[in-house]
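Here are some notes for a first reading of this entry.

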Amino acid sequence: MDLQLAGKRALITGGSKGIGRASAEALADEGCDVTLVSRDAAALEAAAAAIRARRQVAVRVIPADLSQQAEVERVAAEAGELDILVNNAGAIPPGSLTGVDNETWRRAWDLKVFGYISLSRAIYPSMAARRAGVIVNVIGAAGESFDPNYIAGSTGNAGLMAFTRALGKGAKRDGVRVVGINPGPIATARMEMLMRARATKELGDAGRWRELNAGMAYGRPGTPEEIGAAVAFLASPRSAYTNATILTIDGGPG
């Protein structure tokens, strides 16, 4: 299926690895010019080189810390006019109410929660002025499950779900769409780190972390590529009537 994305300009945050990189690859495969943003300049260059090798599209990188407002504004200015914004940067640490201290909680939200909001605020006006554009927020299924042992992430993700729906509700007046994706467990380096910690606690051996996959839907986690494909579809004209909603990709109810 041609997603009718050839020649579109997309910016992907957290674009150097995992879901962000897979999203950039999916968009590039459809002919989008892509700009990748993350804090790791070397990882960005490696991801950009891999994308250039697979598709003849323009690939730019902007190393930046999106937890800082000045950096958000710089990225928006350097990126220029965009057709697609994929907010994906940020990882909120696990822990209970008393297990996550204030500094850690605020630092994580500055990057993910306020990073999504601030970059959307910086880029949305130009989309609205052209009456064209799509914002895809990659959030996380914890925003629906309210895990007390991931309380900072569950609360932050729920807030981003509300932000996505509220912004999208008004965006239709401006010819813009805003959608979200809630991935469940996805096979990324972060997931492996979390699973190793859980295996240490529950099985007494971090090396047995793969055994924990047995309880997941279909006996496996999802892949970054599965999320990236959904990002590309939702960002495309093929999904032009999809707005102010969240797609959960977690293998189905337990």
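Where does serine 120 lie? The points below begin with that residue; the model they refer to is a predicted one.

1. Serine 120 is a residue of helix H5, which covers residues 113-130. Is serine 120 buried or exposed? Its relative accessible area is 2%, so it counts as buried, the cut-off being under 20%.

2. The side chain of serine 120 has two polar partners to look at. One is the side chain of asparagine 87, with a polar contact at 3.1 Å. The other is the backbone oxygen of tyrosine 116, which the serine 120 side chain reaches at 2.8 Å.

3. Setting aside residues up to four places away in sequence, serine 120 touches Leu85, Asn87, Pro125, Ile135, Asn137, Phe163 and Leu167. Of these, Phe163 and Leu167 belong to helix H7 and take part in its meeting with H5.

4. How do H5 and H7 cross? Helix H7 spans residues 151-171, and its axis comes within 9 Å of that of H5, at a crossing angle of roughly 15°. H5 is therefore roughly parallel to H7, as angles under 35 degrees are counted that way. The crossing is right-handed.

5. On the H5 side, the residues that meet H7 are Val113, Tyr116, Ile117, Ser120 and Tyr124. H7 contributes Gly156, Leu160, Phe163, Leu167, Gly170 and Ala171. Sorted by class, this contact has 8 nonpolar and 3 polar residues, and no charged ones.

6. H5 also packs against helix H4, residues 102-111, with the axes 3 Å apart and an angle of about 30°. Because that angle is under 35 degrees, H4 too is roughly parallel to H5. H4 passes H5 in a right-handed crossing. Ala108, Trp109, Asp110 and Leu111 of H4 make the contact with Val113, Phe114, Gly115 and Tyr116 of H5. Its residues divide into 6 nonpolar, 1 polar and 1 charged.

7. With a relative accessible area of 22%, glutamate 30 is partly exposed. Beyond its neighbours within four places in sequence, glutamate 30 is in contact with Met1, Asp2, Leu3, Leu5, Ala6 and Arg55.

8. Which distance separates the C-alpha atoms of glutamate 30 and serine 236? It is 9.6 Å, although the two residues are 206 residues apart along the chain.

How values were computed. Residues numbered from 1 in each chain as written. Predicted model: local features only at pLDDT ≥ 70, side-chain atom pairs only at ≥ 80, totals over all residues. Heavy atoms only, no water. Buried < 20%, exposed > 50% of the residue type's maximum accessible area, 1.4 Å probe, protein only. Contact = heavy atoms within 4.5 Å. Helix = DSSP H or I, 4+ residues; strand = E, 2+ residues; numbered from the N terminus. Polar contact = N/O pair within 3.5 Å; in protein donor to acceptor, adjacent residues only side chain to side chain. Axes fitted to C-alpha atoms, helices over the stretch in contact; angles between N-to-C directions. Parallel < 35°, antiparallel > 145°, perpendicular 65-115°, else oblique. Left-handed = near helix turned anticlockwise from the far one by under 90°. Nonpolar A, V, L, I, M, F, W, Y, C, P; charged D, E, K, R; others polar.
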